[in-house]
Amino acid sequence: MALWTPSQNLSVVFSPPANGSEARMRGMGRRRDSVMVRTASSDVSSSAGGEMAAYEEGQLERPKWAGETPLSRLVGAIISFKPLYSVLKLGARQVLISTAEKTNIPWREMTIEILESDVYKEMESIENPSVVYPDYYLNPFHAYDEGNLSWLAAAEAEAATMSMVRRATPDASSLEEANKIVRGNWLQAIERHHLQYSGSMIRDILDVGCSIGVSTRYLADKFPSAKVTGLDLSPYFLSVAQYKEKKRASRKNPINWVHANGEDTGLPSKSFDLVSMAYVLHECPARAIVGLVREAFRLLRPGGTIALTDNSPKSKVLQELSPVLFTLMKSTEPFLDEYYLTDLEGKMREAGFVNVTTVLTDGRHRTITGTVPLL
């Protein structure tokens, strides 16, 4: 993966003001000029330079279909009607699968391969019976009645992740190219921030909400000398993560998988140099987002970096989604409105982070980084 060199500076870096920004963000009446953000899209693992790509912001603070707008309330009312919700849930699932298979992602074959494997044997060594699941985690997610606590959700997670990457980069010629953009820009944002504000070696990494370990493996590949831990609330997802990791070539530093709540991990304070959360927060209510950010601050050493990558409320692409697509999406994401109403940068500052920086790392997603102050 290429580093950002001084000649590859971002054209714009977004850092909302520390005070009063959340209140201002709740007003949808304000519009703003469209802004271009430039990031480097390059190979995820190489150190060569890459082409520059431009990602455009919309003119609103968040999509009209999110938050407390009349359109958002209308969509919420539609989703709350149970017979219609069942149809929407089925429709959302079919859209996910058909979209994946149209872009040569063998969703059904990948799912069957996991479900017919020996992955179930991993559960005994992964599951922590003392874990207490928060109430929000027991809600249906992504058209699964059991949410993330099912083998089917775990078996389909990798194909769903691939499909997400392809949707984020519609002009990419292949999944490989799409990953170079989405994962490459995300990793560059992390590395550039850490080099600029800390400069210390990244020795220990925690990937919170690691799911089946896709983001965890990217982090481990990028920082091969670091000890990497993947943490998730779903023992099903972690079982798939461990199973898949065992099938690949061994690493110098094997990944450690932990079944725990990211808001209260039980891990030692000041024990990590990087805490990452990739595509996690949009699945959480506001109170959990705050808990996750505070726990990350506790876990990081002075000079450590937090990196949050997820949907960007300011994404032009997301702001211009069709009514059908945003209704289907909201039907499978129960906390999406809370996510879009949360001032993440503000919550990070409240937790104690400094140097809070936001960049669009692809057309749909932002990466927000921050630093624990040095002693």
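## Exercises on a predicted model

**Exercise 1.** State which residues make the nonpolar patch, and which helix supplies the largest share.

*Solution.* Step 1: the patch is formed by Leu71, Leu74, Ile78, Phe81, Leu84 and Val87, and covers about 510 Å². Step 2: helix α2 supplies the largest share, three residues. Step 3: Ile78 is located in α2, and its relative accessible area of 30% makes Ile78 partly exposed.

**Exercise 2.** Describe the salt bridge between Glu176 and Lys180, and classify both residues as buried, partly exposed or exposed.

*Solution.* Step 1: the closest N and O atoms of the pair are 3.9 Å apart, and a salt bridge requires a distance within 4 Å. Step 2: both residues belong to helix α7 (residues 175-197); they are four residues apart, so about one helical turn separates them. Step 3: Glu176 has 54% relative accessibility and is exposed, whereas Lys180, at 29%, is partly exposed.

**Exercise 3.** Locate Glu191 and Lys222, and state whether they are buried or exposed.

*Solution.* Step 1: their side chains form a salt bridge, 3.3 Å from N to O. Step 2: Glu191 lies in helix α7 and Lys222 in helix α8, so the pair ties together parts 31 residues apart in sequence. Step 3: both residues are buried.

Terms used. Residues numbered from 1 in each chain as written. Predicted model: local features only at pLDDT ≥ 70, side-chain atom pairs only at ≥ 80, totals over all residues. Heavy atoms only, no water. Patch = residues over 30% accessible without salt bridge, like charges linked within 9 Å, V, L, I, M, F, W, Y side chains within 5 Å. Areas by Shrake-Rupley, 256 points an atom, 1.4 Å probe, with all protein chains shown as cover. Helix = DSSP H or I, 4+ residues; strand = E, 2+ residues; numbered from the N terminus. Buried < 20%, exposed > 50% of the residue type's maximum accessible area, 1.4 Å probe, protein only.
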